[in-house]
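Here are my notes on the model, point by point. Please read them with the structure open.

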Amino acid sequence: MEARRKSLHSSKTFHHEPSTKKPSCDAVSLPLCVANAVFFTVFFTVVYYLLSHWREKIRTSTPLHLVTLSEMIALVAFFASCIYLLGFFGIGFFHSFVLKEDDDSNDVVLKHNSGKLTPCAQALDCTIVTSPPPALVTDGDDEDIIKSVVDGKTPSYALESKLGDCKRAASIRREALERITGKSLTGLPLEGFDYDSIFGQCCELPVGYVQIPVGIAGPLLLDGNEFSVPMATTEGCLVASTNRGCKAIHLSGGATSVLLKDGMTRAPVVRFGSAEQAAELKFFLENPANFGKLSAVFNKSSRFGRLQSIKCAIAGKNLYLRFTCGTGDAMGMNMVSKGVQNVLEFLQDKFPDMDIIGISGNFCSDKKPAAVNWIEGRGKSVVCEAVIKCDVVQKVLKTSVEALVELNMLKNLTGSAMAGALGGFNAHASNIVTAIYLATGQDPAQNVESSHCITMMELVNDGKDLHVSVTMPSIEVGTVGGGTQLASQSACLNLLGVKGASKETPGANARLLATIVAGSVLAGELSLMSALAAGQLVKSHMKYNRSNKDNTKVPS
């Protein structure tokens, strides 16, 4: 029993006992440097000897297969030196035999858990390197695993797949990180989050999650329907200001929106030997007679991905192909990329001289301000407008119609032009876009192009009322995939009535979400511009965006 207890105890710990087996180089009873010098000398000597002898045989027309005794000895020496040098410089197949016993002694051995792995471990193999993973880590002692991660013996990225428990993996990784860095993560929550839901799709190597409060603006009356808009932000006044804009729109009869375009883009870059060859492919792609064939190749990658157009641009002998396609209720970057890959493989057969440089050549253009998105659009292109009554402007917004029109012209139009703005002819569209994106599980980095917006304000109805509009050519949103599947973000989508894919009309939920984003931006623009016109901005921020409370002492 005592021996059995010792055996069980040893199976729970990490074994790093030094190996008693001599290294492979010790098989030669010479110092390592001398052995290396000897075998290098032998190798190059016999190579020179054999080449000189074979050259002489070729010169005298002597058959090469007639080998003398000295040549046989030279060949044996050649192969012996090759085997030694291959082993010394670490060729994999040689080491797999010579060093197998040494490698086995360094494995991490933990108590085996006969239970099945959770879906977390089944969803994706986290292994990034090609070397064999450590031995299965299951139900061992956490302290031993933490020490193994700190010592670099167990890769941090492999904890989920080895443990089969995403929550436990995050906890162990967190503790190991604190020990390695010497920095505390107190205040960053760990408990209360479903780590299985992000494994393999949303975030790698998690150690906790960041809390962002979610506020509700609205109801936003848009196209005859009311929406309570969730906004995740840490900026005081933002939700309150957007809420005031929603109130002004509601009291004036609501806003209307129009979806102008719906298509995600991807633009690979290819290279040819000459500009003439690049132009030949450009003409082929832009020929309407070829579109049907290209569309069939593209569309086979997805049930919802449908090719709409291909726009080409040449830079010397380089060609940029901007594919645009419908993507249903998904934001669609992966969908369009798969379709583009199919087309490139198809074109490679027809244009064998085409060199594919990259699946994305920045002519798309993703997560960067670009004129092509401002002009051509990307994702959903939406215009939203409302007529705000004069008395609402005065009573709710605390300013005048004339002051708003003048400020918009001098700030959003002239001021932005003076700054050389690209798609930034607005007051703070990015504020609203980012807050809604965070709340609904969109890619927050895409607020760059999604915030492209021009805000217009004009006098209407004999100068009594205000016509306000926002035009946003590249709102990139989806209601399926990515962060939309997480519980919190899914709840916010459900609040808006756009959770998941539309069962009646594919893409309807994503298009509706885009119009809600535009309507919310309209409300935010209206309220901020009013605060600026009335001189209330600084006063409001001093009141709502500053706090004397020490939040670092509040328990998480």
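1. Aromatic pairs. Rings of Phe, Tyr and Trp (its six-membered ring) pair if their centres lie within 6.5 Å; planes under 30 degrees apart count as stacked, over 60 as edge-to-face and the rest as tilted. A search of the whole structure gives 10 such pairs. One of them is Phe40 with Phe44, stacked at 6.3 Å centre to centre with 10° between the planes. Both residues sit in helix α2 (residues 32-59), four residues apart, about one turn of the helix. Helices (H or I, at least four residues) and strands (E, at least two) are DSSP runs, numbered from the N terminus.

2. Basis. This is a predicted model, in which local features need pLDDT of at least 70 and side-chain atom pairs count only at pLDDT 80 or more, while totals for chains, interfaces and linings use all residues. Residues are numbered from 1 along each chain as its sequence is written, and side-chain values use heavy atoms, with hydrogens and water left out.

3. Exposure of the first pair. Buried means under 20% relative accessible area, exposed over 50%, partly exposed in between (1.4 Å probe, protein chains only). Phe40 is partly exposed because its relative accessible area is 31%. Phe44 counts as exposed, at 53%. Phe40 and Phe44 also belong to one aromatic cluster with Phe43, Phe78 and Phe79.

4. A second stacked pair. Trp374 and Phe425 are stacked, 6.2 Å centre to centre, with 25° between the planes. This pair links distant parts of the chain: Trp374 is in helix α14 (residues 371-376) and Phe425 in strand β9 (residues 424-425), 51 residues apart. Trp374 is partly exposed at 25%. Phe425 is buried at 16%.

5. Whole chain. The protein chain has 21 helices and 11 strands. Of its 556 residues, 43% count as buried. Contact means heavy atoms within 4.5 Å. Among contacts in the chain with a separation of 6 or more, 72% come from residues 24 or more positions apart. The chain exposes about 29000 Å², and carbon and sulfur atoms supply 58% of that. Accessible areas come from the Shrake-Rupley method with a 1.4 Å probe; for residues, only the protein chains shown count as cover.

6. Helices α10 and α20. The axes of α10 (residues 238-251) and α20 come within 7 Å and cross at roughly 100°. Axes are lines fitted to C-alpha atoms, for helices over the stretch in contact, and angles run from 0 to 180 degrees between N-to-C directions. The two helices, α10 and α20, are therefore roughly perpendicular. Angles under 35 degrees count as roughly parallel, over 145 as roughly antiparallel, 65 to 115 as roughly perpendicular and the rest as oblique. The α10 side of the contact includes Arg244, Cys246 and Ile249, and the α20 side includes Leu522, Leu526 and Ser530. By class, the contact of α10 with α20 has eight nonpolar, eight polar and one charged residues. Here Ala, Val, Leu, Ile, Met, Phe, Trp, Tyr, Cys and Pro count as nonpolar, Asp, Glu, Lys and Arg as charged, and the others, Gly among them, as polar.

7. Ser530. Is Ser530 buried or exposed? Ser530 is buried, because its relative accessibility is 0%. The residue lies in helix α20 (residues 508-533). Leaving aside neighbours within four places in sequence, Ser530 contacts Arg244, Leu397, Thr399 and Leu404.

8. Helices α17 and α19. The axes of α17 (residues 429-440) and α19 (residues 487-496) come within 6 Å and cross at roughly 115°. That makes α17 roughly perpendicular to α19. Leu438, Ala439 and Thr440 in α17 meet a set in α19 that includes Cys492, Leu493 and Leu496.

9. The loop between β7 and α14. Gly361 lies in the loop between β7 (355-358) and α14. Gly361 is buried at 19%. Apart from neighbours within four places in sequence, Gly361 contacts Ala267, Pro268, Val269 and Tyr320. Asn362 is in the loop between β7 and α14, and its phi is near 70°, a positive value in a residue other than glycine. Asn362 is partly exposed at 47%. A cis peptide bond joins Cys364 and Ser365, with omega about 0°.

10. Other backbone checks. Gly218 and Pro219 are joined by a cis peptide bond, with omega about 10°. Pro219 is in strand β1 (residues 214-222). Asn461 has a positive phi of about 55° although it is not a glycine. Asn461 sits in the loop between β10 (453-460) and β11 (465-475).
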